[in-house]
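The following exercises concern a single protein structure. Each consists of a task and a solution set out in steps.

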Amino acid sequence: MPFYDELPREGGQQVRTGLDAPALRQDILEHLRFTQAKHPRNATRHDRYTALALATRDRVIERWAETAAKYHQEDARRVYYLSAEFLMGRALRNNLLNTGLWESAQEVAKDFGLDLAQVLEDEPEPGLGNGGLGRLAACFLDSMATLGVPAVGYGIRYEFGIFAQRIEAGWQTEHPDEWLRFGNPWEVVRPEYTVTVQFGGRVEDYTDHLGHWRVRWIGGNKVVGVPYDTPVAGYGVGNVNTLRLWQARASEEFDLDHFNRGDYVHSVEEKNSSEVISKVLYPSDSVWAGRELRLKQQYFFVACAVADIVRRYLKSHAGFDRFADKVAVQLNDTHPAVAIAELMRVLMDLHALSWDQAWEITVAVTGYTNHTLLAEALERWPVSLFERLLPRHAQIIYEVNARFLRAVMNRWPNDIARVARMSIVEEGGEKQLRMAHLAVVGAHKVNGVAELHSDLLKRTVLQDFYELWPERFTNKTNGVTPRRWLLSCNPSLSGFFTEHLGPGWPRDLDALEGLRPLAEDPAVCARLAAIKRENKVRLADWVGDTYGLRLNPDAIFDVQIKRIHEYKRQLLNALHIVALYLRGKRAPRENHTARVFLFGGKAAPAYRAAKLIIRFINAVADVVNNDPDVPWLKVLFLPNYSVSLAERIIPAADISEQVSTAGKEASGTGNMKFSMNGALTVGTLDGANIEIREAVGAENFFLFGLTADEVEARLRQGYRPRAVYESEPELREVLDLVRSGHFSVAEPSLFHGLIDGLLDHDPYLVLADFADYARCHRRAEAVWKDPAAWHRMALRNIAGMGRFSSDRTIREYADEIWRCPAVVLPG
């Protein structure tokens, strides 16, 4: 049936809520005409996507309303998940699958003469995160809805996301990510729940009408937070939770007096200064204005969230006696840590609770997830900046610190060094507030995100706090949602699972263990190999069409896609590619194993070393891909890494590069996505790699590199990277070739800083691990030459990945940290 043919209203299910194809078809046509004001004959591709999205949203909204009513009826305990990032990915495919609409959508698309896959590709992708932190938050929202955990996610509606990455002359360049250019059909604006947020001003004491001493925050500037709600549908259930993102608006958007005087710039000055808060994720903190904006962003969404949490609670409760029984607040890393001071302020200054009452409630409801061991990522704010922007919060933090340090001194008298280490206020030079310390002091539970990470937190970064409060510390190893990272992105493999395990595995990923015995069946392994090759052909065709580079689908597809950072060691991978290139140049007629190396990821705009690594990868690719002596070797950096790009790449990967310096990666979640899609890991004993290796079997994991303890010992003993260079002939040849200008003929010294940094410092031990990394790749190539052995290993990897579902992680949070019973609605 042509897309432009109209249909009469059909009997059967309701047009707006029915799950059958006729109801969905009619709803699409009605949205085209009445919502988008388009005749179906003149509809653009984007119009068709939007109509299908709105029709799908209608069905989600009905469940959304029913979910809210059920939670309210049961007075359910709610989880409020605060995160600076929510890297949600495209929503249409996920919602079609989660709500059971997928087959109806396929039927309707066929009737309309459309390719559903192409319609899905027309959806803009929200750029609301940069990597694992935001994607983890998105997986958690999916799992909370699927498990029936009453929850709301709070963050910022970044108008331009993080940035759109382009590669120009080999360099990363940043451009606005205009993901909202055509609107967002999934969100619902809620202006009735706007929140006023204050910055600056001063604090004064006063006596209230009962004669009690009180404090109030007055003056300064005000910004309005407007909430935009996005429904998050669970899989196979009726539950739909909420992601509430806040957009900044000026309290007075237009100054008519300035305008009438001809001062047009100043007439909108307040509007511009206010709305910049929600423009871009992670403004550069290399300049003071950027640091100030980051602090404003963090307080803005925290203040909006706390106000909203309190408002929701007071709708059903008269006082705060039950607040800790009905509210759980989870801080996703240190970005929202100021929530502790904000909740104290609201409870004391706005609702007249005493300090002791407010502190007891704050600690009881707050949990803190730490995501890093890197000192530079444990946020600190200059006291001068904090006092100017948030004077009342500074007062509260100083009082929290004074009371806390009294407890420390009582426990360890005369241990002045310990008191200095544990203080929320860092003395010496420029005074700073340590937000991670505030989060630990103000939370009843503190968790790491992998067993090694949690252990290192207790032994290093937060050791003093662990010795004071060992009962507060716990581990919650990360997980990923199998709905997006298997069911949605890899339909062929998902069909294979359903064929052998039945239809229940997307809600019970432990069922994958049932595949383990099948690893000994050659026919099953051959089917798995065929699925992998099918995915590789699809990716190779897309790369060829998009970038003009022809990839051999029978080559090893070796993939490293993640945020670009020195500790993640994309540079180690790139240097090894140079070693392979040199081997090929020495023996051009030898039968080399065909290799394809794919990179993706964004570097922070001010992170020069990371951007130089991207430039180096692209320089190596330019030489390697055009050298006739190495036709078996190809390298490509895929620009503008995103969730949808990962969904395209991961099912096609043969090798997953998880090569961070041991002890530096908190967990990683890409490692999980690759393994459950049948890629074998080349990795260090870092983050969740350790647990993945235990789950899949050491013999099914390509291990290399120093352990975290060995890294620490090597650095403590005085690591000399130049001595490694002098003792390793292959490494020396690689570095000398780079330094010679072979990959930068027009600018021979371009990569000298990269090489000098490795030889003189090498803080992430790239050179120390290089030889073992190269040996590890030789082992992987040897196994690749035995396809049956490779695919047995791949199937065993898949079978062991059940524990890495985010459903397991969320059950642990709900049971052990949030104490939040599930409220499940039938699907």
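This is a predicted model: local features need pLDDT of at least 70, side-chain atom pairs count only at pLDDT 80 or more; totals for chains, interfaces and linings use all residues.

**Exercise 1: The lining of a cavity**

Task: Determine which element gives the largest share of the lining of the largest cavity.

Solution. Strand β9 supplies that share, with four residues. By residue class, the lining of the largest cavity divides into 15 nonpolar, six polar and seven charged residues.

**Exercise 2: Strand β1 and its partners**

Task: State whether the residues of β1 are buried or exposed, and identify the strands to which bridges join β1.

Solution. 
1. Strand β1 covers residues 78-82, and five of its five residues are buried.
2. Inspect each face in turn. Arg78, Tyr80 and Leu82 lie on one side, Val79 and Tyr81 lie on the other, and all are buried, which leaves both faces covered.
3. Turn to the pairing. Five bridges join β1 to β11 in the parallel sense; there, Leu82 has Leu331 as its bridge partner.
4. Four bridges join β1 to β2 (residues 151-156), and these strands also run parallel. In this pairing, Tyr81 stands opposite Gly153.

**Exercise 3: A loop residue**

Task: Explain why Ala337 counts as buried, and list the residues that it touches beyond four places in sequence.

Solution. 
1. Locate the residue: Ala337 is in the loop between β11 (327-332) and α12 (339-350).
2. Apply the criterion. Buried means under 20% relative accessible area; Ala337 counts as buried because its relative accessibility is 0%.
3. List the contacts. With residues up to four places away in sequence not counted, Ala337 touches Leu331, Met435, Leu438 and Ala439. Leu331 is also the bridge partner of Leu82 in the pairing of β1 with β11.
4. For a separation in both sequence and space, take Thr99: Ala337 and Thr99 are 238 residues apart in sequence, and their C-alpha atoms are 35 Å apart.

**Exercise 4: A hairpin and an open sheet**

Solution. 
1. Ile167 stands opposite Gln172 in β4.
2. Two residues lie between the strands of this hairpin, and Ala169 takes a positive phi near 55°.
3. The open sheet has three strands in the order β13-β15-β14, with antiparallel pairing.
4. Three bridges pair β13 with β15 (residues 432-434) in the antiparallel sense, and Pro382 stands opposite Gln432 in β15.

**Exercise 5: Nonpolar cores**

Task: Identify the residues with the most contacts inside the largest nonpolar core.

Solution. 
1. The largest nonpolar core has 127 residues, and Leu575 and Phe616 have the most contacts inside it.
2. Apart from residues up to four places away in sequence, Leu575 touches Phe616, Val734, Leu735, Val738, Leu758, Val766 and Phe770.
3. A second, separate core has 117 residues, including Met144, Leu385, Leu462 and Ile810.

Definitions and conventions. Residues are numbered from 1 along each chain as its sequence is written. Side-chain values use heavy atoms; hydrogens and water are left out. Ala, Val, Leu, Ile, Met, Phe, Trp, Tyr, Cys and Pro count as nonpolar, Asp, Glu, Lys and Arg as charged, and the others, Gly among them, as polar. A nonpolar core is a set of buried Ala, Val, Leu, Ile, Met, Phe, Trp, Tyr and Cys residues joined through side-chain atoms within 4.5 Å. Buried means under 20% relative accessible area, exposed over 50%, partly exposed in between (1.4 Å probe, protein chains only). Contact means heavy atoms within 4.5 Å. Two strands pair if DSSP finds at least two bridges between them.
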